[in-house]
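I am keeping these notes while I look through a structure, one topic at a time. Each entry says what I looked up and what I found.

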Amino acid sequence: MEEVELFKNGKRYDGRTVEELRHVKIKAHVLNDADGSAYLEWGNNKIIVGVYGPKECIPRHLASPYGAVVKCIYNMSPFSSLGEHGRSGPSRRSRELSMVIGQVFENVIEREKFPKAAIEIFVDVLQGDGGTRCAAVTAASVALADAGIPMKDMVSAVAVGKVKDTVVIDLDYVEDSQGQADCAIAFANRNKEVLLLQMEGEMSKEDMQKAFELASIAQERLHQLQVEALKEVYMHINEGDAFVDI
Amino acid sequence: MEILDQLKRDTIQSLVSAGKRADDRDNFSYRDISVKKNILEYSEGSALVRVGKSQVLCAIKIGIGEPFPDRLDEGILTTSAELMPLASYLFDPGPPSDEAIELARIVDRGVRAAEIIDVKKLYISENKVFVVYIDVYVMDHDGNLIDAAGLAAMAALQCTRMPKIENGQIVKGEYEGKLDLLKDVTTHTFAKVGNTLLIDPCLDEEKGMDARVTLGITDKNTICAIQKWGSGSFSQDELFQVIDIAFKKRKELKELIDNA
């Protein structure tokens with residue numbers, strides 16, 4: 001890939017400042033059959049999430065008498081990248097992401113209310129441009145709320161990283177692949193607990209502090225967008241079918 | 001679920017025998033259809049189609065590959081369909097189901113049999129040809145995925161760009177002209193419930209149907225593909241009736257994709 005000047009005169013290669021997020025658009029309730037759903041655009045990321053449940057847990061031996069089981073499947077579509085056509089089905093990467101995203105929501109969902117049940121979260125990345133796991137968490141949170149599943153909190157996530165020795169927020173694919181570090185962070189909105197944290201690359205402690213600072217500010221903004229998306233659906237009576245507005 | 005399905009089946013069948021449909025349509029009307037082209041930036045072509053509550057996305061990717069040994073001067077066309085678990089409680093994660101394979105094959109057959117794409121033009125150089133991937137992604141399932149997928153594939157192909165080639169390699173994100181299309185195809189699906197024929201069955205009607213037939217129609221009202229499904233049967237009269245209706249409906253659908 002062509003090398004680009006990632007950071008120059010206080011601006012990033014796409015013209016953003018260090019603390020500037022890409023454009024984020026969230027729409028709740030975009031599918032008709034799913035109990036809850038959301039569509040999210042985050043820069044060039046396009047992600048759709050469908051939630052089913054609480055429903056009977058199949059296979060039964062996975063069910064727990066103490067609370068609902070949260071199943072999450074994160075999936076990249078084969079046409080999601082600018083590069084070659086990919087393979088469909090789970091990869092090692094998507095299996096890992098499914099697990100950590102599922103764990104985020106195991107934390108906030110009031111699982112004890114639904115013993116022996118399952119709650120399914122399906123995340124499909126239609127187009128990926130860096131930061132899809134964070135976008136997935138942010139969208140899934142809206143979809144779960146849309147499904148009316150009781151949660152202690154809303155969750156939003158954002159990536160922080162380092163390019164050209166500068167800590168920046170919300171890395172896109174180019175910055176992610178050519179930069180020095182990338183760190184995905186998911187916060188619970190209410191108490192700012194960290195529910196997901198994955199880092200790759202080299203960052204000092206000071207860098208991490210700066211990263212958390214930037215991420216906290218962005219998280220507030222994302223939470224606001226999530227709430228607005230839900231209000232858009234539930235403040236008015238919506239007639240007609242739900243639809244994905246890509 | 002089985003009891004519920006049986007009840008739905010009974011309700012649909014008694015409705016249809018009384019000359020009604022679950023959503024008050026007449027027997028040969030499609031639900032509202034919307035087509036939106038160019039919805040993704042990273043794929044060469046894309047479209048999102050809604051037929052009633054069904055939502056189907058189709059994305060076209062173009063790559064470089066080796067030709068088949070018996071067709072060295074022809075490009076390759078591959079179609080796949082995924083019934084994503086988020087689309088319906090009926091779909092589970094895992095390898096493609098029979099239903100998904102059938103859907104992909106019907107879409108593929110339509111495009112291939114109508115000879116929409118001139119595969120000879122996909123030749124690049126010796127042992128190097130373009131591969132056109134047609135990916136059908138079902139996002140919301142309320143019946144008649146075949147027509148929705150067929151429309152989405154056709155609309156996506158119509159807005160497909162050709163990648164730029166330099167030194168025998170694709171230059172990512174740069175394009176040169178559009179994919180040449182010789183014709184177009186529309187598919188029309190009819191369900192048979194009891195002795196009644198219905199176009200564009202919704203999911204409940206699909207549960208109540210005994211048989212289903214899909215017709216692929218291309219330019220000059222040529223039939224290019226047919227697929228029958230189910231244990232029920234069609235009489236010859238019925239088949240010719242649906243062919244005539246499909247010819248009429250083709251105009252409606254063609255306008256929708258051409259003007260999208």
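I began with two helices, and I found that the axes of helix 2 and helix 4 of chain A come within 10 Å and cross at roughly 35 degrees. Axes here are lines fitted to C-alpha atoms, for helices over the stretch in contact, and angles run from 0 to 180 degrees between N-to-C directions. Helices (H or I, at least four residues) and strands (E, at least two) are DSSP runs, numbered from the N terminus.

I noted that this is a predicted model, in which local features need pLDDT of at least 70 and side-chain atom pairs count only at pLDDT 80 or more, while totals for chains, interfaces and linings use all residues. Residues are numbered from 1 along each chain as its sequence is written, and chains are lettered from A and ligands numbered from 1 in the order in which they are written.

Which residues of the two helices meet? I listed Thr138(A), Ser141(A), Val142(A), Ala145(A) and Asp146(A) from helix 2 of chain A, which meet Leu222(A), Gln226(A), Ala229(A), Leu230(A) and Val233(A) from helix 4 of chain A; two residues are in contact if their C-beta atoms, placed from the backbone, lie within 7 Å. I sorted the residues of this contact into six nonpolar, three polar and one charged, where Ala, Val, Leu, Ile, Met, Phe, Trp, Tyr, Cys and Pro count as nonpolar, Asp, Glu, Lys and Arg as charged, and the others, Gly among them, as polar.

Next I turned to the sheet of chain A, an open one whose five strands run in the order 3-4-5-7-6 with mixed pairing; two strands pair if DSSP finds at least two bridges between them. Strand 3 (24–28) and strand 6 (69–76) of chain A stand at the edges with a single partner strand each, so one side of each is left without a neighbour in the sheet. I saw that strand 3 and strand 4 (residues 36–42) of chain A pair in the antiparallel sense over five bridges, and that Ala28(A) stands opposite Ala38(A) in strand 4 of chain A. Helix 2 (residues 132–146) of chain A packs on the sheet, and its direction makes about 150 degrees with that of strand 4 of chain A. Helix 4 (residues 205–234) of chain A also packs on the sheet, touching strand 3 and strand 4 of chain A.

Last, I looked up the contact between the chains, where 28 residues of chain A are in contact with 31 residues of chain B. Strand 5 and strand 7 of chain A are the elements that give two or more residues to the side of chain A that touches chain B.
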